[in-house]
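Biologist: Can you walk me through this one? I am new to it.

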Amino acid sequence: MKIKAPVEKNQTYTVDITDLTYQGMGVAKIEHFPIFIADSIPGEQIQVKITKVQKNFAFGRVEKVLVESPDRVAGNDATYTQTGIAPLQHIAYPAQLKFKQTQIKNLLQKSHLEQIEVAETVGMENPTGYRNKAQVPVRKVKGQLATGFFKRGSHDLVPIEDFYIQDPVIDQVILQVRDILREYQIEPYDEINQRGVVRNIMVRRGRRSGEIMVVLITRTSSVPYLDEIAAAIHQIDGVVSVIQNINPKQTNVIMGKEDRLLAGESVIHDELLGQKFIISAHSFYQVNPVQTEKLYQLAIEKAGLTGKETVLDVYSGIGTISLAMAQAAKKVYGVEIVKEAVQDAKVNAVQNQAKNVKFVVGKAEDQMAKWQAEGMQPDVVVVDPPRKGLDESVIDATVVMAPKRVVYVSCNPATLVRDIDRFQAQGYKVDQPITPVDQFPQTPHVESVTVLGRTEK
């Protein structure tokens, strides 16, 4: 028997917002049927217009706020909600921090791990204009080349000049590059017909160095007036690197494999916790340097390093955590599967005169097995995995190596809680409060640092 939803598309209802999803959308219920509504806050009563009805839930749009939450911020820009750039911008910053702490608490509770404490979220003094990297699509809007961001759930470009959470200097550089491309009448990418030239503009900026890299991501290797365009971009204040990245594939993956240096240097430089880093076009480098320093400092403190420990850094990237840890440890070993990242890490170690660090290319679990066979006994294992969390094989390999502590830097509370469960089943337990760190203000994402200690048998 088919159950009819208690709401209909395009109809308006009065509802109470009772919760926030992990994506930052308000939740209301009519006859126990959930409705997800952007730009709404728990405690509010709103008029909602239903935009989409699924079998078990619906989506809606705020038509009018009838009872407003004291945590609502006035004067927010609908563009940032439409595109998903800043879906929490309508919520006061202290309430955002509380939401992120609660997000982790709720997930722990669902997994029957409510005994684990969650500290208050470490926030930012200025929670806007923090991103040191932008990747913006280039499309034709109203007959001319435009830069901006896609509407959520679509490939319709919304032209944007101020991205709110990006370094304002990066926003200005994007506009200058856009105007240069317009001047030379370069065709923007048309993904429906697989035509056009420029797909995306990527801009990276070193917070401390001020050095800027501009990457033009193109569908074709040949670009009209490319030399002139590169020279004009290189003249922009602060730009030290201009690169062409070629991506001919019909794909949502932003960058292709082939890079060409058009002007200046192939890398930019920056500093974190007093360590110098080179950053290439493909380097993974945390996008919020202010909070990254707090995150890494926290990881070092929670690792309890005294200068006598051997540390193993899994997913070591370009060596940011390894080199930070190396200042407080006896020896640090980093393993990373991306060859280019390891090359960067080795250069970073040399320029920081870090002689107690060794980086290798490989799959984490394979390399850990090799090190174990060689008799390595790490005191601390640091993991900073992607959103999918740790493979079980990495957890198993870590447990076999039997470090005193595992420091888990997480960017996804759901996979963190799953992995805590797996570690606890093998004799490790969380012995300090989990500390959330707000790496991505105005968005629902949250990083955190968790320490697991080996239980004595």
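The chat below takes up a sheet, a cavity, some salt bridges and a glycine.

Biologist: What kind of model is this?

Modeller: This is a predicted model. Everything I tell you is computed from it.

Biologist: Fine. Start with the sheet. In what order do the six strands come?

Modeller: The order is S1-S5-S6-S4-S3-S2. The sheet is open. Its pairing is mixed.

Biologist: Which strands stand at the edges?

Modeller: Strand S1, residues 12-16, and strand S2, residues 19-20. Each has a single partner strand, so one side of each is left without a neighbour in the sheet.

Biologist: How do S1 and S5 pair, parallel or antiparallel?

Modeller: Antiparallel, over five bridges. Strand S5 covers residues 45-53.

Biologist: And which residue in S5 is the bridge partner of Tyr 13?

Modeller: Val 48 is the partner of Tyr 13.

Biologist: New topic. How many cavities of 30 Å³ or more are there?

Modeller: The structure has one.

Biologist: How much space lies in the largest cavity?

Modeller: About 40 Å³.

Biologist: Which residues line the largest cavity?

Modeller: The lining is made by Asn 132, Arg 204, Arg 205, Gly 206, Ile 268, Asp 270, Ile 279 and Tyr 285.

Biologist: What classes do they fall into?

Modeller: Three lining residues are nonpolar, two are polar and three are charged.

Biologist: Which strands each supply at least two residues of that lining?

Modeller: Strand S10, residues 198-205, and strand S14, residues 268-272.

Biologist: Let's turn to charges. Why can side chains pair that way at all?

Modeller: Side chains of opposite charge can pair when their charged atoms come close.

Biologist: How many salt bridges does the count come to?

Modeller: The count is 18.

Biologist: Pick one. How far apart are N and O in the salt bridge of Asp 179 and Arg 178?

Modeller: They are 3.0 Å apart.

Biologist: Is Arg 178 buried or exposed?

Modeller: Arg 178 is buried, because its relative accessible area is 10% and the cut-off for buried is under 20%. Asp 179 is partly exposed, at 36%.

Biologist: What does Arg 182 form with Asp 179?

Modeller: A salt bridge. The closest N and O atoms are 3.9 Å apart. Arg 182 is partly exposed, with 27% relative accessibility.

Biologist: Where do Arg 182 and Asp 179 lie?

Modeller: Both are in helix H3, residues 168-183. They sit three residues apart, about one turn of the helix.

Biologist: Which residues are linked with them in a network?

Modeller: The network of salt bridges links Glu 161, Arg 178, Asp 179 and Arg 182.

Biologist: Give me another pair. What about Glu 365 and Lys 363?

Modeller: Their side chains meet in a salt bridge, at 3.6 Å from N to O. Glu 365 is buried, with a relative accessible area of 15%. Lys 363 is partly exposed, at 43%.

Biologist: Last topic. Where does Gly 453 lie?

Modeller: In strand S23, residues 447-454.

Biologist: Buried or exposed, that Gly 453?

Modeller: Gly 453 is buried, with a relative accessible area of 8%.

Biologist: What does Gly 453 touch, leaving out residues up to four places away in sequence?

Modeller: Gly 453 touches Lys 404, Gly 427, Tyr 428, Lys 429 and Asp 431.

Biologist: And how far apart are Gly 453 and Ser 241 in space?

Modeller: They are 44 Å apart, C-alpha to C-alpha. In sequence, Gly 453 and Ser 241 are 212 residues apart.

Key
Residues are numbered from 1 along each chain as its sequence is written. This is a predicted model: local features need pLDDT of at least 70, side-chain atom pairs count only at pLDDT 80 or more; totals for chains, interfaces and linings use all residues. Side-chain values use heavy atoms; hydrogens and water are left out. Two strands pair if DSSP finds at least two bridges between them. Helices (H or I, at least four residues) and strands (E, at least two) are DSSP runs, numbered from the N terminus. On a 1 Å grid over the protein atoms alone, a cavity is a set of points where a 1.4 Å probe fits but cannot get out, and a pocket is an open set with protein on both sides within 12 Å along at least five of seven lines; lining residues have an atom within 4 Å of a point. Grid points are joined across faces, edges and corners, and a volume is the space filled by probe spheres set on the points. Ala, Val, Leu, Ile, Met, Phe, Trp, Tyr, Cys and Pro count as nonpolar, Asp, Glu, Lys and Arg as charged, and the others, Gly among them, as polar. A salt bridge is a side-chain nitrogen of Lys or Arg within 4 Å of a carboxyl oxygen of Asp or Glu. Buried means under 20% relative accessible area, exposed over 50%, partly exposed in between (1.4 Å probe, protein chains only). Contact means heavy atoms within 4.5 Å.
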